[in-house]
Amino acid sequence: MFMKHGIVAAAALAVTLATPALARVDGDTITLGSSISLTGKYATNGLHTQRGYDYAVKVINEAGGVKVGGKSYKLAVKYYDDESTPARGAQLAERLIQQDGVEYMLGPYSSGMTKAIAPVSEKFGVPMVEAEGASRSLFTQGYKYLFAVLSTSEQYLATAVDFAAAKSSDPKSVRIALAFEGDPFSMDVRAGVMDKVKEYGMKVVIDDQLPADLSDMSTTLTKVKALKPDALIISGHSKGAATAARQIDEMKVNVPMIALTHCEAAKVQEKFPKTANGFLCPTQWVETLSKSDAMFGSAADWNAGFKADYPSYTSVPYQSAQASAAVYVFKEAFEAANSLDKDKLRDAISAVEMETFYGDIKFSAQGNNIAKPMFMRQINADGTYGLVEKAGDMVHPRNVAY
Amino acid sequence: MSMTNRTMMTYAGLALFGIFGPILFPQYTLTIAYLWMMVLMASTWDTLGGQMGYNSLGNITFFGVGMYVSAIVQISFFYEGGVGEYTSAMGSIKPEFTAAEYFWGLGLGILAAGIVGLLLSLVFSSFMFGLRGPYFAIGSLGLAIAVAEITITINYVGGASGISMPLFPGDIEFRSTFFYMLCFAFTIVSHFLLRWLYSTQFGLAANAIRDDEDKAEAMGIPTLAYKRIGWAIPAFFMGCIGAVAGNMAGFIDKEVAYPIPTFGIFMVAMALLGGKGTLWGPVLGAIIFHVVKEATWTYLLNLQWVALGLILIVNIVYFQQGIMGWLQTKYPELFGIVVDTSNIADGDEKEAAR
Amino acid sequence: MWDNLQLLFVWAPIINVQVILDGIFVGAVFALSAYGLALVWGVMNIKNLAQGDFVIMGGYLAFALHQMHVPLVLILLIVMPLMFIFGWIIYVVMIRRIIDQDMFVSLLATFGLSLLLQQVINLIFGPEVQTIDMEMPVYDAFDNMVTVPSSKIVTLVLAGVIAVAVVLFMKRSRAGQAIRATAQDPRAARVLGIDIDRVYAFTFAFNAALCGAAGVLVSIIWVIQPFYGITYSVRSFAIVTAAGLGNLPAVIGAGFGIGLFEKYTGAILGTAYEVAAPVCILLLVLIYRQIQMRRNRQVVR
């Protein structure tokens, strides 16, 4: 019958229609692979990340590329869209490695996606430098080919708890409200916060988990108003931050201290200038950082260059900065290894010790960056971010006139 | 069941492809494994959806539940702390399973996943089969969403943080081949089971229910019993393949286990694409869909969903009978010459007769 | 959960007012898009899974107009006709061809449309969460325990105005009468000289316009993102299933009911259950209706 022939023909087509396998090094180009979220719930930050990668590739190539064995190579990144779904990410990672012949990987966006992809790159022994997966549990698995330039996620909001304790005469009496999205990253941030809360013996009065598609968190905020906690702590990527800022304004939530992740990525200072005043925002990197390197210059130089390429940013999210740093790590490691062999490269990455515009980078045996601190910033009345190094630097209580 | 030469040749061709595909193109092993998985999803969906006319949008529920059940079985059987301790440690515990422990756990996990899926379908059957047409479709979609949302509030199975599956004891090539063989085997088993089933009284009763349930009931066909079986079979296989998929992925959470807007809808689209209510339609649909999907994902980055949406629309709006039905109307002489109707066990002729 | 119940009914009962108000605002917007769904479902038997994406599309059109400093009332007056035209085009291109088909065909075809819309919106506007900030005052009462932004009051009034206009339109105008006649008996309507195809096209376009209006309101009181459509679709289906087809007061009632149920579930069980709530209500309604029908040895169809 016609159709059954069709089946065999189609099945054969499934194989022949495949992509021609790219060589990992094609002429004078080194191809890094990345599956990144261009659609779906992480798309905002996926884009920030992709821009960070692209900017670094551009700068490095303009400066002459990567020199290995006396030859100059250009960098290129092969992207796939993982649609913010971990299963797809894992599948695409396999495709990058097996079908496209990629031997060096850049990470995806978010801890959940990294959790799904790390086992794949590990299986194939492909080194992956990732910039956006901060969950602690990534670094307890004994992965040998996973390296993260960023600080781990339990550090994100734990400092906020310290500040809350410092601002109170009796830390035990401090009452905390928590609202965390139901995803691996936020759950890990929450674990870090809970450790601190227990350490101080504080009381958690609200502990809500936000659903991934929720565009309305008014019920949580209603409870916050009724219970009047001393600090409100929120984590939910960019859309969580945007939703929270919007509704905190509308419901006149008057908590003396509000801390949330992803302020810059969600552009809250720009979209909700009035409410955002006084928000505490953890960040992996600040543009005023006094660190620099030969490639990108100082943090401020990187910031200015990136803004020139992508003028839509008023405040550049740290997600882009760390993405650039990840690409830079590859350049350094290639040159240190002086080889394109992935195992030699892996050893070179693990030995990397460098100062960059993004901060110092040195990997622990587990693969996380231990040389770089996290920062806490507070949004000022004029929409700028001010560094908060100790509780005394902080405007407390938050000074907002609704 | 007698087979024509043609059918034999098709099977031989598919078997050759199934066995030698991954040997000749080792880098595509898992891509082909996903192909078989999609064939299984579309074919088993068709049992209730195509043959019986109950269009379920919730079969993916069994996939996700199966995945979680097998994770629980695999971990709790050989790790003394139990699943609760494993998940609450958020990945910092990494039990070392021996190879024997791993494979026993996996086997038991897959079996348990299938059985729990089957039992769950019986529970759903008790309150879903009074619904017809759109209400059944929407109700079953609702079930999938509800089960998925509730799963992430259960801390015992890791809640929103998900579970890392036990590591495979063995090298990469063996791992790929092993999971490939599992997918291939389940697809073969399900195909021949369905093939046999449609040739029995079940097939006739199922089509009677689809065409006019009231008349079927009036004729004394125990419709509810048939509908239960019609959902239990896909539920069992979706549970099993869910368990396999979970182990292939290595890390499971709500997104991996309940891909409602992707696989949940794809399996229906694939069956419709090939032609629902036939044995071979979903197979053809799945293969074409998979090829098109992989190709758009590779060549049309950023536009892949646009392409997929367009394909779905064009397919459904302009080729409502599926590719098979379209071919039949377009080139009837081709079918008239080729089809030996006495030997085809499926609903092809009915489709043509309409 | 116990804490939350105590909070609601013992410690600070006043926050019930806030929860109820939020439920009403939510419900009003849901009711608009659900009524559109009830119309196309009842009149032309199309189950539109892209309903939520029409809402989001309306929201993004409003957002784009707001960027150009168009005032709110004008935004509504521009978005509704635009969406009407868009709906008409979609009808001509695809809906017309699937109208007499198996119900599943309409579900899947509109699912394809939903994918397409999400993606095109994402390509044009980017994936960021957007919102229209009207910068209107916020009223508070009971020592700031209850806050009502005037933007929400404005949207509630607008939703009410649109609902009344729809009722009048359906009852009084010739087009409305033609729609109702077609819904009751398409063949009889055709015999009496009604152009069925035009009625269908008008109904579908009208639905798109209603969704567009809902989208404008959503973008003002909440946030929009290209991929948020599905939640509005699910709620619309839940409301229509609960309320039945073509009955505006029942749809509005069910809209408020689901809004309140969602908010109270959130307040008592925790926000994590807020997405599951309308789905569970949908399932409960379906089960209840089956029990009802079973008494008469009938099924829900």
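Two residues are in contact here if their C-beta atoms, placed from the backbone, lie within 7 Å. With that in hand, welcome to a few close-up views of this predicted model.

**View 1. Domain 1 of chain A in contact with domain 2 of chain A.** Where they touch, domain 1 contributes 20 residues and domain 2 contributes 15 residues. On the domain 1 side, the elements giving two or more residues are helix H2 (43-62), helix H4 (111-124) and helix H13 (318-337) of chain A. Sorted by class, this side of domain 1 has 13 polar, four nonpolar and three charged residues.

**View 2. Helix H5 of chain C, residues 103-125.** Let's check the length of this helix. At 1.5 Å a residue, its 23 residues should span 33 Å, and the end C-alpha atoms are 33 Å apart, so the two values agree. Follow H5(C) along and you will find it mostly covered, with 18 of the 23 residues buried. Just after H5(C) comes Gly126(C), which takes a positive phi of about 80°.

**View 3. The helices and strands of chain B.** Here you can look for 17 helices and two strands. Of the 354 residues in chain B, 57% are buried. Among contacts in chain B with a separation of 6 or more, 79% come from residues 24 or more positions apart.

Notes
Residues numbered from 1 in each chain as written. Chains lettered and ligands numbered in written order. Predicted model: local features only at pLDDT ≥ 70, side-chain atom pairs only at ≥ 80, totals over all residues. Helix = DSSP H or I, 4+ residues; strand = E, 2+ residues; numbered from the N terminus. Expected span 1.5 Å × (residues − 1). Buried ≥ 20, exposed ≤ 12 C-beta atoms within 10 Å, placed from the backbone. Nonpolar A, V, L, I, M, F, W, Y, C, P; charged D, E, K, R; others polar.
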